[in-house]
Amino acid sequence: MKEIVNFAIIGLGSISTTHIAALKEIDEANLVAVYDRTIEKAKKSSSYGKCQGV
């Protein structure tokens, strides 16, 4: 059985979309939260993948 690893991304600059896309491709990766000073960026990024919190 593979272990699931939870991830959070803090700061949603230009590279964050690449990181989110990569995490979506890994079955054992679970994006659980994102944070950015701009709430709109955080809400948009949280809609990707399996994110559970902003």
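These are my notebook entries on a predicted model of one protein chain.

**Ground rules**

I number residues from 1 along each chain as its sequence is written, and I leave hydrogens and water out, so that side-chain values use heavy atoms. Because the model is predicted, local features need pLDDT of at least 70 and side-chain atom pairs count only at pLDDT 80 or more, while totals for chains, interfaces and linings use all residues.

**Layout**

I looked up the secondary structure first. The protein chain has two helices and two strands, taken as DSSP runs numbered from the N terminus (helices H or I, at least four residues; strands E, at least two). Read from the N terminus, the order is β-α-β-α.

I then looked up burial, with buried meaning under 20% relative accessible area, exposed over 50% and partly exposed in between (1.4 Å probe, protein chains only). Of the 54 residues, 26% count as buried. The chain exposes about 4000 Å², and carbon and sulfur atoms supply 56% of that area; accessible areas come from the Shrake-Rupley method with a 1.4 Å probe, and for residues only the protein chains shown count as cover.

For contacts I used heavy atoms within 4.5 Å. Among contacts between residues at least 6 apart in sequence, 40% join residues at least 24 apart.

**Nonpolar core**

I searched for nonpolar cores, meaning sets of buried Ala, Val, Leu, Ile, Met, Phe, Trp, Tyr and Cys residues joined through side-chain atoms within 4.5 Å. The largest has nine residues: Ile9, Leu12, Ile20, Leu23, Ala29, Leu31, Val34, Ala42 and Cys51. The largest share, three residues, comes from β2. In soluble globular proteins, nonpolar side chains tend to be buried together.

**Helix α1**

I checked which residues of α1 are buried, and found Ser16, Ile20 and Leu23. They lie on the same side of α1, because they cover an arc of only 65° around the axis; the arc is that of the directions from the helix axis to the C-beta atoms. The cover over the buried residues of α1 includes β1, β2 and α2.

I looked at Ser16 separately. Ser16 counts as buried because its relative accessibility is 3%. Leaving aside residues up to four places away in sequence, Ser16 touches Ile9 and Gly11. A polar atom of the Ser16 side chain lies 2.7 Å from the backbone oxygen of Gly13. I also took the C-alpha separation of Ser16 and Ser45: 8.6 Å, for residues 29 apart along the chain.

**Helix α2**

In α2 (residues 39-46), I found Ala42, Ser45 and Ser46 buried. Their arc around the axis is only 100°, so they sit on the same side of α2. Glu40, Lys43 and Lys44, on the other side of α2, are exposed. The buried residues of α2 pack against α1 and β2.

**Asn30**

I looked up Asn30 in strand β2 (residues 29-35). At 14% relative accessibility, Asn30 is classed as buried. Its side chain makes a polar contact of 3.0 Å with the side chain of Asn6. A polar contact is a pair of N or O atoms within 3.5 Å; within protein, one must be able to donate a hydrogen and the other to accept it, and residues adjacent in sequence count only if both atoms are side-chain atoms.

**Salt bridge**

I counted salt bridges (a side-chain nitrogen of Lys or Arg within 4 Å of a carboxyl oxygen of Asp or Glu) and found one in the structure. Lys2 pairs with Glu28, with the closest N and O atoms 3.2 Å apart. The pair links distant parts of the chain, 26 residues apart: Lys2 is in the segment before β1 (5-10) and Glu28 in the loop between α1 and β2. Lys2 is exposed at 62% relative accessibility, whereas Glu28 is partly exposed at 22%.
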